[in-house]
Amino acid sequence: MSAMPPPADSAFTVAALLALGHDCRYADDLTGAESRFSQAIAVDPACAEAWGGLGAVLAETGRPREAVAALTRADTLDPGLPFRLAALAAAEAACGEPAAAAATCRRWLTLCPGSAPAHRILADQLLRLGDSAAAATALREVVLGDPGQADAAATLVGLLTDQNDPLAALELAQPTLRRVPDHAALHFQIGRAWQRLGETVKAVAAWRRCLTFAEDTSPEAAGAQAALSAGAHVTPPVSPDHAPDRLYVRALFDRYAERFDADLIGRLGYRAPHLMREAIQALPDIGAGGLDILDLGCGTGLAGVLFAAHARVLAGVDLAPRMIEQARRRGIYHHLEAGDLMTVLEREQNRWDLIIAADVFTYFGDLGPVLTAVARALRRGGRLAATVEQAQEDDGVVPTPSRRVRHGAGHLGRTAAAAGLVTVSLTPATLRTEKQEPVGGLVFVLERP
Ligand SMILES: C[S@@+](CC[C@H](N)C(=O)[O-])C[C@H]1O[C@@H](n2cnc3c(N)ncnc32)[C@H](O)[C@@H]1O
């Protein structure tokens, strides 16, 4: 049996009840509002506005499940109203239905693509669903749209740090910090990002700032206190063989990328690539070109540019994407890749005629693994041209205060031989200056026989 249409004069009744319902709601008389919207529904069960009003009142009086039912009814009767989808998403979230709430937010976003509240609710639901990558994307929309959203920024900084991108986290936090300098949770997360980068002094400063602004019993106060007292901040980010953490190296060079060339050549008299080219050109059988060359830790391409004339193929790999961007601008590489050089070396055996590594092994501890990987990646007769900063101790692998690593000639010779590489040349030289002092190193060529 089909529903009876409402009597003709019922439209006036419904309109009056709706007006009364809204008046009651705005006057904070939620009981009155609920009863008026319910009466309107009794007269016209197909009135979307009455269902929507009732849903809003149910949500406001702490009955989210009933609110979801009413708002869903309203949305079915009159779909696609952003404010109703906002109320529905909030009610679904309050019911603990993150998948439904996320789906509603996505519908809301198709109508209002830039909506910060939609992205904010969506991010919370995605976090509950365990999809932190998508949550970070949604939070980024919120924070980029309004850097004053410090809660969202703090969550995002934490997520990016957990996703191994603390540098992006710190960059993103800056505009929010300028607008909201006293947000405790943001300082706590900034501390974590600095800690992840191995910048312990900055981490400690951020946690102390967090404690200045935090409520004593807040989770961020507890977190900062724990981090400071656990001494986690004094653990240097180095592996057992003294190599600095890859993430630290990547962030260091990402930050440095735009100034790198001017600094190294202009200020520090950097000569490693030239010295390596001299060592290679001194070999009797090195032709004019035609070599497949891999540039390890290619940076901005200062070495690549000197070896390009010898190359049939010139490929480069570097941990720091912004260094890779600078290298790409030179237009000399056939292939460039942001990532760990070990991955590239291990990907293909017997591939390269010449591998170059200018001032890169200073970010490695024991050279054994990397030289073994180099030996496998070289063709027979292929060479490695590289530099290390020289340690005084012959067999030493010695970390420096600036988080680099020096290697002794003995360590180099021993690990090269163990990898099956023959030393073609090994020359002490000044590679650059540091604080006006020459930095002594070794320029060497190894060959896979
Ligand atoms: C001092 S720069 C030298 C750059 C370039 N070879 C040159 O001579 O101008 C060291 C470079 O090595 C890169 N690097 C360090 N460890 C790396 C690794 N494990 N994989 C790839 N690149 C790395 C750094 O990101 C940085 O760009």
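In the predicted model described here, the centres of domain 1 and domain 2, taken over C-alpha atoms, are separated by 35 Å. Domain 1 covers residues 156-235 and domain 2 covers residues 246-447 of the protein chain, with bounds that come from an automatic or database domain assignment. Between them, 6 residues of domain 1 are in contact with 5 residues of domain 2, where contact means that the C-beta atoms of two residues, placed from the backbone, lie within 7 Å. The side of domain 1 that touches domain 2 has 3 nonpolar, 2 polar and 1 charged residues; Ala, Val, Leu, Ile, Met, Phe, Trp, Tyr, Cys and Pro count as nonpolar, Asp, Glu, Lys and Arg as charged, and the others, Gly among them, as polar.

Residues are numbered from 1 along each chain as its sequence is written. As the model is predicted, local features need pLDDT of at least 70 and side-chain atom pairs count only at pLDDT 80 or more, whereas totals for chains, interfaces and linings use all residues. The mean pLDDT of the protein chain, the predictor's confidence in each residue on a scale from 0 to 100, is 91, and 95% of the residues reach 70 or more. Over residues 233-238, however, the pLDDT is below 50, although this stretch has 16 contacts in the model beyond near neighbours in sequence. Where pLDDT is low, the predicted coordinates should not be read in detail.

Helix H7 (residues 116-128) has 13 residues and reaches 19 Å from its first C-alpha to its last, close to the 18 Å expected at 1.5 Å a residue, the expected span being 1.5 Å times one less than the number of residues. Helices (H or I, at least four residues) and strands (E, at least two) are DSSP runs, numbered from the N terminus. Among the buried residues of H7 are Ala118, His119, Ile121 and Leu122, and the buried residues of this helix pack against helix H5 (82-94), helix H6 (98-111) and helix H8 (132-145). A residue is buried if 20 or more other C-beta atoms lie within 10 Å of its own, exposed if 12 or fewer, and partly exposed in between, with C-beta atoms placed from the backbone.

Asn164, a residue other than glycine, has a positive phi, near 65°, and is placed in the loop between helix H9 (150-162) and helix H10 (166-179). Because Asn164 has 13 C-beta neighbours inside 10 Å, this residue counts as partly exposed.
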